[in-house]
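Here is a structure to look at.

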Amino acid sequence: MKPITSTQPVTGDELIDTATALLADRFRLALMAAHDDGDTLRVVYLFLAGRPDRRRELTLTVPAEAPAIPSLARLSFQAGRFEREMLDLYGITPVDHPQPRRLVRHAHWPQGWHPMRNNAGPPGDFVAADHFPFLTVDGAGVYEIPVGPVHAGLIEPGHFRFSVVGESVLRLKARLWFVHRGVERLFQGRPALAAVELAERISGDTSAGHALAHSLAVEDALGVELPDPAHRLRALLVELERLYNHAADLGALANDVGFGLANAHAQRVRELALRINAQVTGHRLLRGAISPGGVVLQALPDPDRLQDLADDIAEIAELTLGNSVIYDRFAGTSILHRDDAVAMGTLGYVARASGIVTDARLDHPTTELPVTEVTATAGDVLARYTVRRDEFAASVALCRNLIDNHEGPLDIRASVPAATGPRSGIGIVEGWRGSIVHRVEIGADGVIGRAKIVDPSWFNWPALPVSMTDTIVPDFPLTNKSFNLSYAGNDL
């Protein structure tokens, strides 16, 4: 049975007390989204809790003229970042925010232009950018190392500012949003049943995860219920996505400490996994298989081939960690302590490596799955490596279960009713990086009026600089790969 999202309108005076009570009841703030309703702006706060699945929405409406909301930044680090995003994109001022500086809009953006407002219009002239207000760390022997936003290779742009003494990092500041594409705005005006291709391209390595989260949100809004076999086939696709990404990262981590042989074998496993994806869906990145109301597979993967990949990954990991030099580089490097991971709201393998039990497959299930939970406690590069190693094996076991127990067609499509009025829906998926949340609002014409997307990278990026404290500069590439966060999924 689908969980019901409880919606509660609140006033500005009620917001802080209500949010405080929800956080005390072990809810997490999963999403904040502003909406331009013409004469008013509406802010939606989505709080989630798992086991059992609970979903609460608070809505706060403010005048469109000089809009302001009470800041929750002193209660929740995540809220403070969502508020800064809304300040940039909607011009909503978070009152009593401790650091209300720009987040999405770089300094060359025109002052006072808020692109998500209905009356935003063309941006006008962009201006010469001021220097970003990085905190300067002073002291004997302290100097700065700027890195990026342009990097070697094919990675996307991000700027990192290191304050160091010798090789030891005192402070790291990451500056993102160089690839802000206005994705949420692109969803507006699209038919609800014809926007999944955009969802698949939010973050290319998470095509299945974002397609599923979007489809679940649309189905939730329109009251669509799929049979259990459809949910299980969709779960299979998300697990296949987990496999090829984890294989690539296990190899890349070994490569970052000079063990290219392990990387070569891991990349071979990734390629074999991508070929399996193509046989199953017709696309190496699993695109085109999941859509609102349905799932279409061309074939089920061969479970023995998947097991062969699991055996290969286990051997690659054993060889990697059996090397004492590599083990020493991984162990104790860039520790993200559990308290910091909790405070920053981390998700996925980053959270699980720091001892946090979190998994949307169990917290917000669409079907009952025999998920093997994997956690570690050290919070270092080694823990983030072993969690992904163990998740690969657990994911293959889950895939085998889903394949062996499937009965019926591989093409399942449910009828999708037309919208009968303004509706909203939520989709939650445990992608390979962590929990993905989509929220959509659909008008009576069946067109999307607003889509809000939260990739797990949004929550995990701020934790990366925290883990780098007291780590040496040469370990930054290794640390960065152990997190492996999406620029595109964050920047939108």
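Q: Which helices and strands each supply at least two residues of the lining of the largest pocket?
A: Strand S8 (159-165), H6, helix H7 (260-281), helix H16 (476-483) and helix H17 (487-491) do. Helices (H or I, at least four residues) and strands (E, at least two) are DSSP runs, numbered from the N terminus. H6 gives the largest share, 6 residues. The model is predicted, local features need pLDDT of at least 70, side-chain atom pairs count only at pLDDT 80 or more, and totals for chains, interfaces and linings use all residues. Residues are numbered from 1 along each chain as its sequence is written, and side-chain values use heavy atoms, with hydrogens and water left out.

Q: What makes a set of grid points a pocket rather than a cavity?
A: The grid has 1 Å spacing, over the protein atoms alone. In a cavity a 1.4 Å probe fits but cannot get out; a pocket is an open set with protein on both sides within 12 Å along at least five of seven lines. The largest pocket here has a volume of about 980 Å³. That volume is the space filled by probe spheres set on the points, which are joined across faces, edges and corners.

Q: What makes a residue part of the lining?
A: It has an atom within 4 Å of a point. The largest pocket has 34 such residues, and Leu154, Ile155, Lys481, Asn484 and Tyr487 are the closest to its centre.

Q: How do the lining residues divide into nonpolar, polar and charged?
A: There are 17 nonpolar, 10 polar and 7 charged. Ala, Val, Leu, Ile, Met, Phe, Trp, Tyr, Cys and Pro count as nonpolar, Asp, Glu, Lys and Arg as charged, and the others, Gly among them, as polar.

Q: Why are S11 and S12 called paired?
A: Two strands pair if DSSP finds at least two bridges between them. Strand S11 (residues 294-296) and S12 are joined by 3 bridges, so they pair. They run antiparallel. Val296 stands opposite Asp411 in S12.

Q: What makes S10 and S12 edge strands?
A: The open sheet has 3 strands in the order S10-S11-S12. Strand S10 (290-291) and strand S12 (411-413) each pair on one side only.

Q: At what angle does H6 run to S11?
A: Helix H6 (residues 228-255) lies across S10, S11 and S12, at about 55 degrees to S11. Axes are lines fitted to C-alpha atoms, for helices over the stretch in contact (heavy atoms within 4.5 Å), and angles run from 0 to 180 degrees between N-to-C directions.
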